[in-house]
Structure formats: structure tokens, C-alpha cells
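Welcome, and thanks for taking a look at this model with us. Please have the sequence and the 3D view open side by side as you read.

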Amino acid sequence: MTVVAQAPPEADDIAARAPHRRFPVDKLAGSGLIVAMLAFSVHSLWQLDFSWSSMRSSVNTAVTTFAKMDPISLPSAGDLMYLIGLTVGIVVLGTLMAALISVPVAWACAANTSPSPVLRWAGRAVGVVTRAVPDVVLAMAFAMAFALGSPLPGILAMGIHSIGMISKLFADAIEQSDDGPRLAVRAAGGSRAQEFWAATFPQVLPSWIATVLHRFDINLRGSAILGYAGVGGLGYAMRVAFQQFPEGYGRGLGIAIVIFVLCVVLEIVSSTIRRHLLGADPAGRGLGGTIARAATGDRPTTPRRGRVVTALANAGSRLGTSRLFSLPLRPVRALRARRQGEVCTAGRNVTVESMLTRPWTRARVRNLTWTWGAVALVVASWRWADVSFSQISWAYVLPTVQSFWPPDFGSHTFAEFAQAMLITVQVAFAAALLSLVLSVVFGALAARNVAPNPRVRSFFRVVLVIFRGVPELVLAIFLIMITGLGNQAGVIALAFGGIGLLGKLVADSFEEVPRGVERAVTATGATRTQRFAAATWPVGTPALISSSLYLVDTNIRAATILGIVGGGGVGFYITQASTVMSLHGQVTTLVMMIFVTVLLVEAISAWLRRVFR
């Protein structure tokens, strides 16, 4: 006789009440959406006739054009310095304008500082609208109300367009700040303004500086396209040169090289400022750290903990372990004080007045020097740009603003505009796909925890700097002028610039992977490739998805204005309508379509980040 043990009746009830893992419907839907976007990107490449045969024919066309082109040349030294000063002046003033206005906009947008939900939504709307309207469209509109050759249209257009991005990132930083200091100020009877300026703003100041400097780099790359809207500087000089075929192509290519060198130099400068003002000295031995140290006279540093451990280890080897732990802690404290820039007061009298006086350490002098240098740059930019509000034709300001309302289609139909918008989106997705494929490879090899050795990492970091240094719109202008590829040239140019941006984000996200996961996999005997596939890649994938969608967002904005330099899509219709006041209603219609598209991409990006976080 076989006896079958039966579970007590309570077991079924316990099993029914036990928590069960919910089927991941959201992750399944998110994965399906990602696959659909990848399929749309591949379809876009095919739809845009992006094939090797067309590439070979374009290479032959480029070779023929180069044969007819004059040698690369530059303007005279005086003219070149004037163009560089004017371009830098417009970029600095436009970025400064956006940086100042973004503070109250971000204050209104952030949930923990906004006084009312209505003001919060109003601030969000200001940010989204300013991000959606291309700066070149604003520059064309402002040019009608200003004197010919005035830099003010470029400054205002660049400043208004930059408000959206700076305020968005700044508002996110405010919402992530610690509420403790703000609540302490409120408990002491402080007003809302005192809460923000005394407790919140000091916390997010480093993030604000980093965001402004990042936007400065983007504005400098985009300044070339403003030349096609009539704004002076290197972009306008390049436009005039490229319009003179074929003898002007050499001059245009020379100016494009100057823009590239200027972008690389100013990226190094802004990177150095970020390192010092944000409290992160250049300790690496790569290209960026070497250049930053050479510019500031710093020597390679090691982390504080590493220096203390090294000092103790050296002392232990000389004195022995027993004597080492009998030593007083004063030398270690002195070492820590010197690391933090404090004054070691051993052996001398200390007064209350001296303790209340902040010492002039090397870090303080350096930061003050950078600050006064920034003020001098702003003053010099004002003089270089030769800004004068007397250049505004006030009689044309109100009619120009009124000409953009109401929106209309003119002689076109909704189907034509929708087809143009579809082409713009296809260019953005196709370029993002090409960038993604190469960025994963370059970004992984540029990550410290993935690269096989420091030399490989430094090499690919330099490669990413070169990709970021070439303004994608300048490259698009050159490719369209030389090869006549149109949208295909736009895809290549946007993909080229996207590799530098996305590759850096991929490298940073891989380096931020927790070391414990990688060490656990390595402890099991896994190889470097297995560690990457089992630990680094799965943890870094959510950041990769978020960065890729951010690249699509920026590509849509960049692809919008490719029609201005010979491409198709929405930019072509915007160019045709922006130069005639009676057609400004079409510009409003097209901007509203761009606005809706950008909102849709941002909503998808936010949802996917929430699903895969």
C-alpha cells in the first residue's frame, strides 16, 4: 500500500496569497517599439536610396569637382581674425542670454520650486516651444526687422533656441537636488526667493555651468548655418565662397577647416573649465587630460585615498607595522588638509579672525582667474560683435510678428507638408542607426573598463573628439555642394556627427557600470568578452537606449534645416517661405508640425526610460 503525503489545506491558501512576479507587459511593449523603430530606420535607408552604387557615383563626382577646384586658401590674417571674433562674439552672447533666461524658466518648471502647477506647465511650454523652433528660422525672421549685416538676429535666434535645452536640463537638476537645505531655510522664515538662491541654486550651480558650456559647444557648431540666414561671421563667408563655383570652393573648404579647428580648440577650453570649476582636476593620462594639464600647469594627480594609502605603505616598509600604527595621525591630517586646500596651523597661533578668513589656495586663485577670464570674454564678445540696438528697425518689428499668424498651407496641401515631414524623420532615424552601429564599437573601446589597454582607450577617445569636432551641418553643406547627394549627404553628415556624440555617451555609460557586477563575473573565470556580454552590456543598455533616442531628437532638429543648404524635407519649404513675409503663415504651420513630432519623440523617450530603468 502506497501512502501519498498531502499538503495541508493551509498550503494552497498560502500559495494563492504569495506574491507572484507580474508578466512584464510594459517591457515587452517597449522591446517591440524599439524593434519597430530599428525596422523603420532600415526602411528609411532603403527609401532614401542609400546604396553603395550611389556612394560610388558620388565619389566620382567629388573627385571631378576636386580636380576643378582651386587650392585650399584662407582670407587675409586681418579678415580671418575679424570673422573668428565675430563668430565667437555671437555664440558667446547668444549662449549667455539663454543661460540667464533659463534660470527663471527652470525655477518655474521644477516641481520642488514652482509656486503653482499653472506656472510649471507654462515654463515647460516655453522650453518645448523654444527647442522646437529652429534657430535659423528665427534668424531669418529677425533679419527682416534689423539692419542688413546686424549680428543681433543671430544672437537672439541662438539665445531663444538654446533656452529650451538649458532650462530643461537645469530643471531636472533642480528636481534632483537635496530638499534638506531648502526646508531648513523655510523653517528659518526664509522666502521662496531665499530658499532658491541660498539653498537650491548653490547645489545645482555645477550642473548649470556644465550645461551652459555644453550648449556653447553646440551653438558654435551651429553658427555656420546661421550664415545662410544672413548672419555674419565664418558661416556667411563660407556661404559666399561656396556660391562661387569652382574657384570659391577652395576658399570655402579653408573656412570649413578653420571652423573645425575652432570647434576642437574651444571644446578643449570648455572641457578644462568644466574640470576646474566643477572640482574635478584632470587626472587622466589621455589626450584630454594631457592638454588640460598643459594649459593649466597641473601635474597628474592620484585620488586622495590612493595617496594616503601609498604614503602609509611607504612608511610601513621603512618603520615596520608595529611602529606604523603607533604614529600620531597629524601627518595624515596635514596631508588631507593640503589636499582640500586648507591651511595647516600646527606650530603657530590661530586667531578667530584668521579662521574666518578664507585662505588663498591654488584652487581658489585658479577658479577666480577662470571667472574673470569669462567676464573678459563676454566684454570682448560685445565689442567683437559690435552690438547696437539702434540697428533695430522698430517700424518692421510688429508687422513681422503679425505675419506669422494665422498658420496656413498657402498654395501647398497638407499631404505635401506631411511628406516633407516624413522625409525629415527618415533622415533623422537613418542617421541615428548608422551612428548607433559605429558608436557601440567606438564607445566600448573608449571605455576604461572595456578597452584592452589604456593606449586603445586613448586612441578611440581621440577619434570621438575628431568626430565631435566636425560640425555636422558644415559637413552636410560641403557634401551637398560637392556630390549633390541631397538627403543622402544629410544622412552621412548627421551620422558622422552622431558618432562623436553618442560614442562619448556610450563610453561614459559603460564606465559608470558598478564594478561589483563586473568583478563578480570575472571571479567566475569569465574572459573579457564574456564579462562585457554578461555584465557591462546589460547594465549599460538602458543608458544606451536613452542616449540613442536623444540623438534621434537632435537629428530631427538638425535635419529640419538641411533643406536650407540643398537638402529636402521640411527645411526646403521653410527656406522658401521664410524669405517672403506673405508666406510666413506656412512657416508657422511647418513649425507646429515639427513641434508635434518633437513632442512625440520626447514622450516615447520618457516612456522607454521609465520602462527600462
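A residue counts as buried when its relative accessible area is under 20%. Glutamine 426 has 6% relative accessibility, so by that cut-off glutamine 426 is buried. Please keep in mind that this is a predicted model.

Where does glutamine 426 sit? Its place is in helix α19. Setting aside residues up to four places away in sequence, glutamine 426 touches Phe40, Ser44, Gln47 and Leu48.

## The overall fold

The protein chain is built with 26 helices and 0 strands. Of its 613 residues, 45% count as buried. If we take contacts between residues at least 6 apart in sequence, 76% of them join residues at least 24 apart.

In soluble globular proteins, nonpolar side chains tend to be buried together. Here the largest nonpolar core has 109 residues, and Leu234, Met238, Ile259 and Val427 have the most contacts inside it. Helix α19, spanning residues 414–445, gives the most to this core, with 14 residues. Apart from this core lies another one of 21 residues, including Ala171, Ile174, Val204 and Ile209.

Which residues does leucine 234 contact, beyond its neighbours within four places in sequence? The partners are Leu80, Leu83, Ile84, Thr87, Ile255, Val258, Ile259 and Leu262.

## Cavities

How many cavities of 30 Å³ or more are there? The count comes to 2. The largest cavity holds about 80 Å³ of space. Its lining is made of 14 residues, and Thr87, Ser223, Ala224, Leu234 and Gly235 lie nearest its centre.

The elements that give two or more residues to this lining are α4 (77–109), α9 (192–226), α10 (234–242) and α11 (249–277). Helix α9 provides the largest share, with 4 residues.

## Cysteines

A disulfide is a covalent bond between the sulfur atoms of two cysteines. This structure holds 0 disulfides. Cysteine 109 has a relative accessible area of 4%, which means that this residue is buried. Cysteine 263 is also buried, with a relative accessibility of 2%.

## Helix α17 and its end

Helix α17 runs over residues 362–385 and has 24 residues. From its first C-alpha to its last, α17 reaches 34 Å, close to the 34 Å expected at 1.5 Å a residue.

Within α17, Arg366, Ser381 and Ala385 are buried. Just after this helix comes aspartate 386, which takes a positive phi of about 55 degrees.

Tryptophan 405 and proline 406 are joined by a cis peptide bond, with omega about 5 degrees. Proline 406 belongs to the loop between α18 (394–402) and α19.

Is glutamine 586 buried or exposed? With 5% relative accessibility, glutamine 586 counts as buried. This residue is part of helix α26, which covers residues 584–612. Leaving aside its neighbours within four places in sequence, glutamine 586 is in contact with Asp408, Phe409, Gly410, Ser411, His412, Phe417 and Ala577.

Note on methods: Residues are numbered from 1 along each chain as its sequence is written. This is a predicted model: local features need pLDDT of at least 70, side-chain atom pairs count only at pLDDT 80 or more; totals for chains, interfaces and linings use all residues. Side-chain values use heavy atoms; hydrogens and water are left out. A nonpolar core is a set of buried Ala, Val, Leu, Ile, Met, Phe, Trp, Tyr and Cys residues joined through side-chain atoms within 4.5 Å. Buried means under 20% relative accessible area, exposed over 50%, partly exposed in between (1.4 Å probe, protein chains only). Contact means heavy atoms within 4.5 Å. A disulfide is a pair of cysteine sulfur atoms within 2.5 Å. The expected span of a helix is 1.5 Å times one less than its number of residues. On a 1 Å grid over the protein atoms alone, a cavity is a set of points where a 1.4 Å probe fits but cannot get out, and a pocket is an open set with protein on both sides within 12 Å along at least five of seven lines; lining residues have an atom within 4 Å of a point. Grid points are joined across faces, edges and corners, and a volume is the space filled by probe spheres set on the points.
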